[in-house]
Amino acid sequence: MSGRRRIVVGVDGSRSSRAALCRAAEEARAHDAVLEVVAAWSFLDQITGAPLDPLYGEANVRARLDQTGQEVLHDAPPPVIRLRPENDLPARALLTAAEGAWLVVVGSRGMGGFKGLLLGSVSSHLAHHSPCPVLIVRGGDGPAD
């Protein structure tokens with residue numbers, strides 16, 4: 001797989017990220033690329049008072065990625081999909097994954113609380129700092145949808 005292009009997509013469970021996953025899969029099929037699905041998680045998301053489990057989020061995120069992938073890509077999955085749960089901040093995890101990638105795809109709005117913004121903080125950060133081209137997909141959360 002060393003000669004294959006790699007397309008990175010950020011998924012956080014929002015409708016916008018589901019639209020990004022769908023578009024990234026289309027691009028991966030069209031360009032015979034590996035689709036790398038990135039979801040960030042934090043072990044600090046654990047329930048307060050429970051024993052600290054350093055791998056707390058990885059199994060949960062992997063299960064959610066599997067489910068989202070099956071729901072969104074069931075009709076036409078790309079040839080190769082890699083699930084990449086990252087214990088990191090979303091923007092930093094995607095920037096790391098974007099190193100050497102052919103394209104990074106994100107939704108225009110994620111799970112953040114500022115609904116009036118045209119771009120979410122992660123998509124805005126990637127647009128300014130990504131080492132590769134960025135495709136920002138509108139869909140699902142915007143006022144014109």
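V137 lies in strand β5, which spans residues 134–137, where strands are DSSP runs of E with at least two residues and helices are runs of H or I with at least four, both numbered from the N terminus. This is a predicted model, in which local features need pLDDT of at least 70 and side-chain atom pairs count only at pLDDT 80 or more, while totals for chains, interfaces and linings use all residues. Residues are numbered from 1 along each chain as its sequence is written, and side-chain values use heavy atoms, with hydrogens and water left out.

- V137 is buried at a relative accessible area of 11% (buried means under 20%, exposed over 50% and partly exposed in between, with a 1.4 Å probe and protein chains only).
- Beyond its neighbours within four places in sequence, V137 is in contact (heavy atoms within 4.5 Å) with S16, A19, A20, R23, V105, V106, G107 and S108.
- L21 is 116 residues from V137 in sequence, and their C-alpha atoms are 9.2 Å apart in space.

**Overall architecture**
- The protein chain has 4 helices and 5 strands, which follow one another from the N terminus as β-α-β-α-β-α-β-α-β.
- Of the contacts between residues at least 6 apart in sequence, 75% join residues at least 24 apart.

**Burial and surface**
- Of the 145 residues in the protein chain, 38% are buried.
- The accessible surface of the protein chain, computed by the Shrake-Rupley method with a 1.4 Å probe, is about 8,200 Å², and carbon and sulfur atoms account for 55% of this surface.

**Cysteines**
- The structure holds 0 disulfides, a disulfide being a pair of cysteine sulfur atoms within 2.5 Å.
- C22 is partly exposed at 32% relative accessible area, whereas C132 is buried at 9%.
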